[in-house]
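Hi everyone, thanks for making time this morning. I'd like to walk you through one model, so let me put it on the screen.

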Amino acid sequence: MRISAFLTILALALPLGAPHAASAEGRLSVSGEARIAAVPDMATISLGATGRGKTAVEAMNATSTAVDAILARLSDLGVEARDIQTTQLRVNEQTRWDRDRNEDIFVGYYATNTVRVRIRDMDGIGALLSAVLDDGANQLQSLTFGVQEPREVEDEARRRAVADAIAKAELYADAAGVTLGPVLELRDTAEPLVRSIVEPEPMVLEEAPAARDVPVAAGEIEVRAEVTMVFSVSE
């Protein structure tokens, strides 16, 4: 009787049939990218002047004279005050190494004043550079290109990046034999979004060239977007 009762209890504890397999859910993470070429309508130039003198004041005065002329010229060329910003102002001692005395010898002072200028008239870049060089600018640190209203082209790049991620997810799900579910996560992973394809190396000009338009080719800029998307998948 005890054995019979035990078998009865065991039979009641076991399921009557094999349970239906629950759909196993997982996650699929993919990245999407898009690159769009755009024609720049704005340039940013970092330029300035350096001056030397026996005293710090003399060096700074020499630099300030050149920068005053540069700022006046920029204003005459139609560059607005909001598009000009001082980015570097410094004075340093200058020394030279004396091998005979085995020590640094004081030479004087070296002053630098650099401004960043946004140029919205792309056709006038060459003439502007030539003009400020004639006025005493002897530093050109960078020249980059951009767009004044980037939102429209940025949004288009984002849309294409999302479409690229969805296409990849559908391809992977089909290849793996699983069903693609809804989006669980979406992250924008691109930084920066707009960049120049080519940026010139910084340069220092010891002497201003003769008055001649500086040749500048704006080319195209690259607008890039990148996203990471996570989808649910099920068998």
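This is a predicted model: local features need pLDDT of at least 70, side-chain atom pairs count only at pLDDT 80 or more; totals for chains, interfaces and linings use all residues.

Let's begin inside. The largest nonpolar core has 36 residues. Val 30, Ile 45, Leu 47, Leu 74, Ile 125 and Val 132 are the ones with the most contacts within that core. Strand 9 gives the largest share, seven residues.

Take Leu 47 as a close-up. Leaving aside residues up to four places away in sequence, Leu 47 touches Ile 70, Asn 113, Thr 114, Val 115, Leu 129, Val 132, Gln 139 and Leu 140.

Now to helix 3, which runs 125-134. Eight of its ten residues are buried, so helix 3 is largely enclosed by the rest of the structure. Which elements do the buried residues of helix 3 pack against? They meet strand 2, helix 2, strand 4 and strand 5. Just after the helix, have a look at Gly 136, where phi is positive, about 120°.

Finally, the second largest pocket, with a volume of about 200 Å³. Helix 3 turns up again here: helix 3 and strand 4 (103-119) each supply at least two lining residues. The lining includes Glu 80, Asp 83, Arg 118, Arg 120 and Asp 121. By class, the lining has five nonpolar, five charged and two polar residues.

That's my tour, and I'm happy to go back to any part of it.

Terms used: Residues are numbered from 1 along each chain as its sequence is written. Side-chain values use heavy atoms; hydrogens and water are left out. On a 1 Å grid over the protein atoms alone, a cavity is a set of points where a 1.4 Å probe fits but cannot get out, and a pocket is an open set with protein on both sides within 12 Å along at least five of seven lines; lining residues have an atom within 4 Å of a point. Grid points are joined across faces, edges and corners, and a volume is the space filled by probe spheres set on the points. Helices (H or I, at least four residues) and strands (E, at least two) are DSSP runs, numbered from the N terminus. Ala, Val, Leu, Ile, Met, Phe, Trp, Tyr, Cys and Pro count as nonpolar, Asp, Glu, Lys and Arg as charged, and the others, Gly among them, as polar. A nonpolar core is a set of buried Ala, Val, Leu, Ile, Met, Phe, Trp, Tyr and Cys residues joined through side-chain atoms within 4.5 Å. Buried means under 20% relative accessible area, exposed over 50%, partly exposed in between (1.4 Å probe, protein chains only). Contact means heavy atoms within 4.5 Å.
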